[in-house]
Amino acid sequence: MAEDLSAATSYTEDDFYCPVCQEVLKTPVRTSACQHVFCRKCFLTAMRESGIHCPLCRGNVTRRERACPERALDLENIMRKFSGSCRCCAKQIKFYRMRHHYKSCKKYQDEYGVSAVIPNFQISQDSVGNSNRSETSTSDNIETYQENTSSSGHPTFKCPLCQESNFTRQRLLDHCNSNHVFQIVPVTCPICVSLPWGDPSQITRNFVSHLNQRHQFDYGEFVNLQLDEETQYQTAVEESFQVNI
């Protein structure tokens, strides 16, 4: 216990926030050279954008780190044992539970414009991974989604802006570009949430823009939707080391 307390006192509350997304760290990773810590997703996204530099100090990051960053397990352990204040309601919450708390904190939702109610979307899935969501994903994903497929076997979705249903991905994209291009309303993307790694609490501020940037193709054509996100990353890393350059 004395070691835990000593380790915790070497950190400040700011150390538990990602410098990229400005939220509490989620699956923290640490660069070896400059020892800066980021959310895993934030770091990998930054690597795709900046190439070889640390997102914070522009220091060099190794090729191996860019593909498979080292998890900051020491920091994860401290986040499980010590608490911080919610930035809006000041309630003391264990750091590793802070993001979960934000989903139910009315003051946080009022401050940052996130809807307290996540609408139910009628969506579908085309993989076993989706049907096992409650077993393989976090307990936060508690929404139940009804399955639908088109005659061609492709999943179909309900438009969150007008509630019209039975759109394939391409038809939903065309529909929104034709009918909702100037409609900017915070909603949950039914395509994102249908994926095995989808988060029902994730709000999309500009749905039409999101569709055009993220859903110009069907993910099932490029990745195995039966695998969770962490396994997808690991598989990609392992395959990259087998490529003869």
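Gln22 counts as partly exposed, at 49% relative accessibility. Here, buried means under 20% relative accessible area, exposed means over 50%, and partly exposed lies in between, with a 1.4 Å probe and protein chains only. This is a predicted model, in which local features need pLDDT of at least 70 and side-chain atom pairs count only at pLDDT 80 or more, while totals for chains, interfaces and linings use all residues. Residues are numbered from 1 along each chain as its sequence is written, and side-chain values use heavy atoms, with hydrogens and water left out.

Let us stay with Gln22 for a moment. Gln22 sits in the loop between helix 1 (2-9) and strand 1. Helices (H or I, at least four residues) and strands (E, at least two) are DSSP runs, numbered from the N terminus. Not counting residues up to four places away in sequence, Gln22 touches Tyr17 and Arg87; contact means heavy atoms within 4.5 Å. Gln22 and Phe38 are 16 residues apart along the chain, and 9.7 Å separates their C-alpha atoms.

**The whole chain**

Now for the wider view. The protein chain has 12 helices and five strands. Of its 245 residues, 36% count as buried. The accessible surface of the protein chain comes to about 14400 Å², and 48% of that belongs to carbon and sulfur atoms. These areas come from the Shrake-Rupley method with a 1.4 Å probe, and for residues only the protein chains shown count as cover. Among the contacts in the protein chain with a separation of 6 or more, 49% are between residues 24 or more positions apart.

**The sheet and its strands**

Strand 1 (residues 28-30) pairs with strand 2 in the antiparallel sense over three bridges. Two strands pair if DSSP finds at least two bridges between them. An open sheet of three strands has the order 2-1-3, with antiparallel pairing. Strand 2 (37-39) and strand 3 (70-71) stand at the edges, each with a single partner strand, so one side of each is left without a neighbour in the sheet.

Further along, strand 5 (residues 92-94) holds Ile93. Ile93 is buried, with a relative accessible area of 11%. Leaving aside neighbours within four places in sequence, Ile93 is in contact with Phe82, Ser83, Gly84, Met98 and His101. One of these, Phe82, is 11 residues from Ile93 in sequence, and the two are 8.2 Å apart in space, C-alpha to C-alpha.

**Helices with a buried face**

In helix 4 (residues 73-81), the buried residues are Leu75, Glu76, Ile78 and Met79. Seen down the axis of helix 4, they fall within an arc of 165°, so they line one face of the helix. The arc is that of the directions from the helix axis to the C-beta atoms.

Helix 9 (residues 169-179) has Arg169, Leu172, Leu173, His175 and Cys176 buried. Down the axis of helix 9, its buried residues also lie within an arc of 165°, so they line one face of that helix. What covers them includes helix 10 (190-194) and helix 11 (207-214).

In helix 11, Phe207, Val208, His210 and Leu211 are buried. They cover an arc of only 160° around the axis, which puts them on the same side of helix 11. These buried residues of helix 11 pack against helix 9 and helix 10.

Most residues other than glycine have a negative phi, and most peptide bonds are trans.

Gln163 is found in the loop between helix 8 (133-136) and helix 9, and Asn166 is placed in the loop between helix 8 and helix 9.

**A charge over a ring**

Which residue lies over the face of Tyr96? Arg80 does, at 4.6 Å from the ring centre. A charge sits over a ring if NZ of Lys or CZ of Arg is within 6 Å of the ring centre and within 35 degrees of the ring normal.
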